[in-house]
Amino acid sequence: MTEATSAHVPSPHNLAGLPSPRRGEGQGEGSKEYPWRMPAAWWTRNRHYFFYVVREFTAVPLALWLLWLLVEIKRGGDGPGRYAPHQSTAFVLFSFIVLLFALYHSYTFLSLTGVIIRLKAFDRPVPPRLITLAMFGLWAGASVVVGFVLIWFAR
Amino acid sequence: MSAEVQHRPAYTHLIFWFLFSQGGVIAALLIPVHVLIQGILGPLTVVPVVDRHYDTWVQVLGNPLVKLYLLVLIAVPFFHFAHRIRYLLVDFGVHAAKGTPAQVVFYGGAVAVTLVTIWVLLTTVPIRLG
């Protein structure tokens with residue numbers, strides 16, 4: 001390459017005379033920026049977005065119910081005369097709503113396990129569907145055991 | 001010019017990601033049955049439940065294995081909840097939720113719930129062996 005032609009080829013050492021790629025025609029140093037912002041109601045525009053938000057929101061009712069359980073444990077120290085478990089209609093309704101969110105969390109979270117968990121058995125990958133089924137089986141088993149303990153020791 | 005990038009293991013990220021995933025699993029496996037039995041069937045007197053009577057509730061709460069179980073059941077999911085709510089706020093345009101102060105508030109909140117749970121479990125009913 002001759003010296004005359006190489007003068008027209010931009011190189012990292014020869015960029016002083018070139019216009020900045022960030023500055024187009026008519027844009028000066030004081031140009032105003034218009035950053036893109038997500039529309040406030042983005043999650044209502046698509047069914048998948050809506051259920052994504054519902055899935056993330058399940059954390060709130062579940063947290064509230066666990067805090068109630070903590071209060072119930074604390075009230076166990078109040079003594080036999082003052083201890084009275086919650087049984088109002090409002091509490092049952094609250095628990096029913098929490099149960100719907102809890103089931104949705106369980107379904108969505110355990111459904112993902114086949115994608116997240118990678119296992120090998122006898123040098124062959126375990127099919128994701130089998131892992132998901134095993135997690136749902138574990139959920140059923142754990143529910144039976146915990147339910148049995150909660151009811152059996154009430155006798 | 002050499003482009004050397006020093007990779008350091010992100011231990012903090014590793015710990016909170018582990019707690020997030022384990023909290024999600026524990027919440028998925030255990031919370032529905034507690035809500036169904038202790039929150040609905042028990043109060044409606046469909047089935048007898050251990051927390052409906054003082055004697056049975058206190059007897060169960062004195063068991064160290066039950067205390068350990070309740071600690072895991074209550075505390076670990078809060079690390080999952082903290083992560084989810086923080087990122088939900090980010091999705092709703094609250095960019096401050098990405099910052100370090102927000103992380104301190106959310107994960108610090110989960111640590112606070114853990115400490116309060118330990119305190120409640122250790123002070124409410126004395127541990128009984130056997």
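1. **Basis.** This is a predicted model, in which local features need pLDDT of at least 70 and side-chain atom pairs count only at pLDDT 80 or more, while totals for chains, interfaces and linings use all residues. Residues are numbered from 1 along each chain as its sequence is written, and chains are lettered from A, with ligands numbered from 1, in the order in which they are written.

2. **Chain A in outline.** Chain A has 5 helices and 2 strands, and along the sequence they follow the pattern α-α-α-α-β-β-α. Helices here are DSSP runs of H or I with at least four residues, strands are runs of E with at least two, and both are numbered from the N terminus. Of the 155 residues in chain A, 15% are buried. A residue counts as buried if 20 or more other C-beta atoms lie within 10 Å of its own, as exposed if 12 or fewer do, and as partly exposed in between, with C-beta atoms placed from the backbone. Among contacts in chain A between residues at least 6 apart in sequence, 44% join residues at least 24 apart; a contact means that two C-beta atoms, placed from the backbone, lie within 7 Å.

3. **Helix H4 of chain A.** The expected span is 1.5 Å times one less than the number of residues. Buried positions in H4(A) include Val98(A), Leu99(A), Phe101(A), His105(A) and Phe109(A). Their cover includes helix H3 (59-75) and helix H5 (128-152) of chain A, together with helix H1 (11-41) of chain B.

4. **Helix H5 of chain A.** The length of H5(A) also agrees with expectation: 25 residues at 1.5 Å a residue should span 36 Å, and the end C-alpha atoms are 36 Å apart. Met135(A), Trp139(A), Val146(A) and Leu150(A) are the buried residues to look at here. What covers the buried residues of H5(A) includes H4 of chain A and H1 of chain B.

5. Val126(A) sits in the loop between strand S2 (124-125) and H5 of chain A. Val126(A) is partly exposed, because 15 other C-beta atoms lie within 10 Å. Not counting residues up to four places away in sequence, Val126(A) touches Leu119(A), Lys120(A), Ala121(A) and Ile131(A).

6. **The interface as a whole.** The contact between the chains takes 46 residues from chain A and 44 residues from chain B. On the chain A side, helix H2 (47-57), H3, H4 and H5 each supply at least two residues, and H4(A) gives the most, with 12 residues. By class, this side of chain A has 32 nonpolar, 9 polar and 5 charged residues. Nonpolar covers Ala, Val, Leu, Ile, Met, Phe, Trp, Tyr, Cys and Pro; charged covers Asp, Glu, Lys and Arg; the others, Gly among them, are polar.

7. **H3(A) against H1(B).** The axes of H3(A) and H1(B) come within 11 Å and cross at roughly 60°. Axes are lines fitted to C-alpha atoms, for helices over the stretch in contact, with angles from 0 to 180 degrees between N-to-C directions. The two helices are therefore oblique to each other; angles under 35 degrees count as roughly parallel, over 145 as roughly antiparallel, 65 to 115 as roughly perpendicular and the rest as oblique. Leu62(A), Trp65(A) and Leu69(A) meet residues of H1(B) including Ala27(B), Ile31(B) and Val35(B).

8. **H1(B) against H3(B).** Within chain B, the axes of H1(B) and helix H3 (residues 64-91) come within 7 Å and cross at roughly 120°. That makes this pair oblique. Among the residues that meet are Phe16(B), Gly23(B) and Leu30(B) from H1(B), with Leu73(B), Val76(B) and His80(B) from H3(B). The classes here are 12 nonpolar, 5 polar and no charged residues.

9. **Leu30(B).** What does Leu30(B) contact, leaving aside its neighbours within four places in sequence? Its partners are Ala142(A), Val146(A) and Leu73(B). Leu30(B) belongs to helix H1 of chain B and is buried, with 21 other C-beta atoms within 10 Å.
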